[in-house]
Amino acid sequence: STLSLLWKTNSGAQMLRSRIASSRLLAGASRALCTCAASHSRVKRVYGSPLQSLPSFSVPLDSPSAAHWPGDYPIELCKNAFGIDLGISAEQFRSAMFEAVEENLSARPHGASDYQEWLSTGRSNGSDCEFVALAIPPRTAFFVHQHPGVELVYLIRGSMQEIRLQHPAHIDRQCKEPHAPYDLRDPFYRFARREFRANGGRWIANEVGSVHQTFTEDEACLMIAVWPGRYVIFKSEQLPDGVFMPVNHDISLEDTSNFGQASRRI
């Protein structure tokens, strides 16, 4: 049988194991699918200031001249976007951000070099970075995307689910195209699902070239982030069957606004 022939070769066995893993991933996603119908609430996105426009910006970011960067801006962004006081000082926020981002990025493939670029230049993969705030309603599934620069996320409330390309960790780290010029349908690619809970405040770091889909289930998610201002998006026909959640989010329908010296005009 086809099944027996597959197991007779290492490559065939690896392919079959990958398919089994994807089926299990789909089973987990399918259990949430009944609660992940299109949400009637819109994502709220507040575009924030570029890093270099904030007072005390200086590189490297860990130099004495930048000791007060980013100041109270992230805290004020949170108040503006969500009406929430983080209850910490600007110094505490900066310290926690640098410590967590270094730890999380260094744990990812090529993440240590991404961290050093961000630290030494305030940029990522040659691009400027900016702050953003997002309020994501329950049962919202974003498009599958690749990060053309680092994304440093601070979860404030709620939880975020993800399905990530695990092996290989990256396909083309230098890609900055609006839409990916390659697909994720290779049967040897492996994907993994994970949940992140805010638990009073939690940092997540996505390195350059990382590929994933993020979505919420039964609770909303509030976050602020540093990102390069764009994604590399995968279209539905570029995705493997039965791995990712059906997308019900449309970025053009978001409730958007600006805060501070945002470069975008809404």
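The following dialogue explains how terms are applied to one predicted protein model.

Biologist: How many helices and strands does the protein chain have, and what makes a stretch count as one of them?

Modeller: The protein chain has 5 helices and 12 strands. Helices (H or I, at least four residues) and strands (E, at least two) are DSSP runs, numbered from the N terminus.

Biologist: What share of the protein chain is buried, and what does the word require?

Modeller: Of the 266 residues in the protein chain, 51% are buried. Buried means under 20% relative accessible area, exposed means over 50%, and partly exposed lies in between (1.4 Å probe, protein chains only). The protein chain exposes about 12300 Å², of which carbon and sulfur atoms supply 50%. Accessible areas come from the Shrake-Rupley method with a 1.4 Å probe, and for residues only the protein chains shown count as cover.

Biologist: Is Ala-66 buried or exposed, and why?

Modeller: Ala-66 has 0% relative accessibility, and therefore it counts as buried. Ala-66 is placed in the loop between E1 and H3.

Biologist: Which residues are in contact with Ala-66, leaving aside its neighbours within four places in sequence?

Modeller: Ser-56, Ser-58, Pro-60, Leu-61 and Arg-94 are in contact with Ala-66, where contact means heavy atoms within 4.5 Å. For the protein chain, 86% of the contacts between residues at least 6 apart in sequence join residues at least 24 apart.

Biologist: What is the phi value of Asn-125, and is Asn-125 buried or exposed?

Modeller: Phi of Asn-125 is near 55 degrees, a positive value in a residue other than glycine. Asn-125 has 11% relative accessibility, so it counts as buried. Its place is the loop between strand E2 (123-124) and strand E3 (127-128). For His-110, phi is near 65 degrees, again a positive value in a residue other than glycine, and His-110 lies in the loop between H4 and helix H5 (111-121).

Biologist: How do you know that Asp-114 and Arg-173 form a salt bridge?

Modeller: The closest N and O atoms of Asp-114 and Arg-173 are 2.8 Å apart. A salt bridge is a side-chain nitrogen of Lys or Arg within 4 Å of a carboxyl oxygen of Asp or Glu, so the pair qualifies. Asp-114 lies in helix H5 and Arg-173 in the loop between E6 and E7, so the pair ties together parts that are 59 residues apart in sequence. Asp-114 counts as buried because its relative accessibility is 3%. Arg-173 is buried as well, with a relative accessible area of 17%.

Biologist: How many salt bridges does a search of the whole structure find?

Modeller: The search finds 11 salt bridges. Among them, Asp-241 pairs with Arg-185, the closest N and O atoms being 3.9 Å apart. Asp-241 is exposed because its relative accessible area is 65%, whereas Arg-185, with 40%, is partly exposed.

Biologist: Why is Glu-103 called exposed, and where is it found?

Modeller: Glu-103 has 55% relative accessibility, and therefore it counts as exposed. Glu-103 is found in helix H4 (residues 90-106).

Key
Residues are numbered from 1 along each chain as its sequence is written. This is a predicted model: local features need pLDDT of at least 70, side-chain atom pairs count only at pLDDT 80 or more; totals for chains, interfaces and linings use all residues. Side-chain values use heavy atoms; hydrogens and water are left out.
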